[in-house]
Protein chains: 2
Amino acid sequence: MIIESHAHFTTAPQALDAYRGRQLSQRNRPTKGRALKISDQELADSLRGHLDRMEQQNVDRMIFSPRASGMGHEVGDFKMSLYWAQTNNDLIARVCEMFPDKFIGAAQLPQSPDSTPDQWISELERVVNELGFVGCIVNADISGGGQPFTPRLGDEWWTPLWEAMAGLEVPGLMHATSTVNPALHLNGSHYTNHDAMVFFELAWSDVLVRHPDLKLIVPHGGGSWPFHYNRHRSLHVGTNREPFEEAIKRIYVDTAIYDRDSMDMLLRKAPIDNILFATEPFGTSKHVDPETGRTFDDTTAFIAENDTLSAEDKEKIFSGNALRIYPRIKL
Amino acid sequence: MIIESHAHFTTAPQALDAYRGRQLSQRNRPTKGRALKISDQELADSLRGHLDRMEQQNVDRMIFSPRASGMGHEVGDFKMSLYWAQTNNDLIARVCEMFPDKFIGAAQLPQSPDSTPDQWISELERVVNELGFVGCIVNADISGGGQPFTPRLGDEWWTPLWEAMAGLEVPGLMHATSTVNPALHLNGSHYTNHDAMVFFELAWSDVLVRHPDLKLIVPHGGGSWPFHYNRHRSLHVGTNREPFEEAIKRIYVDTAIYDRDSMDMLLRKAPIDNILFATEPFGTSKHVDPETGRTFDDTTAFIAENDTLSAEDKEKIFSGNALRIYPRIKL
């Protein structure tokens, strides 16, 4: 069985962006409470790419969340983010209801620079308890690379969210949305830098010691820590911390990296029990590699063909680990 | 011959930080024009670690620049940064004069959020023409991770600096200083994220096409691009850009990464002509690896023992490439 643990609804009908355009330009007033108008047929059509991918690559389920760059936490206030999160989450819920044996919902949270984590919990509870979602996206850089800065993940500021997530048994995929810094490129540097920042902090701080039931997944292989492995180890040694290689046993990563060489490095360095299969359809790596004639995100073989992993290891990465850390997934 | 291309004066006598403390607390007034008081003996003593390292590891020369985290571009105004850069550069010049067969100077620039690149050039000209410096440090994130944002490196804003550097035949080591973002860790995520941002932009923009004589070195293996190689390739393919693997032939990287596995990856993916040996003494990776009993930054063997590199390749990495792109180095 294969579970794609990191898929975004990047192909949503244009009506969704149109709704957002009106919401932003009219400062929330006219669109509040108005239903997003997308027909069942339009919705099904917009999912064709994801369904084809599942069929072509023998993917059984996708954990499906709103488009990451569209979350726009940095724009507007809490109410703006709340309505927008509700709108996106309701649309994801329709997708999951329409294809219950294909898509599993993961939520956008109403993060915004003027809000605190306790304000995000009611939307999380709503999507989990009423819509059957199994996970959520957590953005560690709410303002998108500028001020006001988001407290580091080890800060007590985050505690209400961590407690709510652990209580609901809902893991978080740590994922940025847009950046306001013109020197950063959304897909080229902002996302992966966010991941590197997150991974470092999760190993460095005691947040996962204080919250042993909290499951956080750092996407894109976890940013850059495998490449800077001994840099991290040295910093831990130099401060008499728990060794880095021990601390990372509490952190989950996904495999949304796109070459065999890097996948091999990730498989060598991350604990096998902590790796979730992901290719992140459809985004950065949806293009065709002229060297192989296949899309860059066609990476199943990098795991399936790896000759140091046991069959049991491969099963864990493809689905076992996801089923373990996402207990709300019911097949 | 071995040239350490990336060494900072992290061990400078306390008088230097004391000077900075007074400069900042008294808003530049009392220290302007006052000489930094460090005796020759104190200066020589403070270099003992670097000199020992050179002897122990057969390093012939170090390209020596002020402490990166001390540059403090984000603090104060242009005049503050200018006096501080002059003070640091003069101290580096004393080091180079004291040990002319050991240290080669690279400059701190008076970058500050309120200044533009044309304002940094006279200090660059001073250190090159009067003090014999061969290179400089360029910080692509002047405000240290917040507003006001620094224009991206492909922006025309940078042109005066690039023209001055190319004209003087002075390469730039792209290196951040501190960060004001509490969610970033200086050594654990800020520096390497800066590098990842820089490397992406140098490959993505046409800045190195427009300035063919400009030599920019991205430290720490270049950030994270080797691990995200096909992510970058896909982004280039998807926008009909020059292939990533072609674009990176204009970018230099150094080897300040600390495990053999990552070094092997860098050596597989970066053009051999573009790799400069570096271990960055003394900082992040100066601690002793309990697994080997050697310091993490003791990485010479990773290159010397690599069995896919030719002797000629190794010579290029250890010194040939540095001598080529730093034409002002006179042995």
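How many salt bridges are there between chain B and chain A? The count is 10, a salt bridge being a side-chain nitrogen of Lys or Arg within 4 Å of a carboxyl oxygen of Asp or Glu. One of them joins B:Arg233 to A:Glu291, with the closest N and O atoms 3.6 Å apart.

A quick word on the basis: this is a predicted model, where local features need pLDDT of at least 70 and side-chain atom pairs count only at pLDDT 80 or more, while totals for chains, interfaces and linings use all residues. Residues are numbered from 1 along each chain as its sequence is written, chains are lettered from A in the order in which they are written, and side-chain values use heavy atoms, leaving out hydrogens and water.

Here is the interface in brief.

| Item, chain B and chain A | Value |
|---|---|
| Residues in contact (heavy atoms within 4.5 Å) | 58 residues from chain B, 58 residues from chain A |
| Buried area (accessible area, 1.4 Å probe, lost on being put together, summed over both) | about 4900 Å² |

Carbon and sulfur atoms give 57% of that area. On the chain B side, B:Phe149, B:Phe227 and B:Arg231 lose the most area to chain A, together 17% of what that side buries.

Helix α4 (residues 78-98) and helix α5 (residues 121-129) of chain A pack at about 10°, their axes 11 Å apart; axes are lines fitted to C-alpha atoms over the stretch in contact, and angles run from 0 to 180 degrees between N-to-C directions. So α4(A) is roughly parallel to α5(A), the term for angles under 35 degrees. Among the residues that meet are A:Leu82 and A:Ala85 in α4(A) and A:Arg126 and A:Val127 in α5(A).

Definitions and conventions: Buried area is the accessible area (1.4 Å probe) that two parts lose on being put together, summed over both. Helices (H or I, at least four residues) and strands (E, at least two) are DSSP runs, numbered from the N terminus. Angles under 35 degrees count as roughly parallel, over 145 as roughly antiparallel, 65 to 115 as roughly perpendicular and the rest as oblique.
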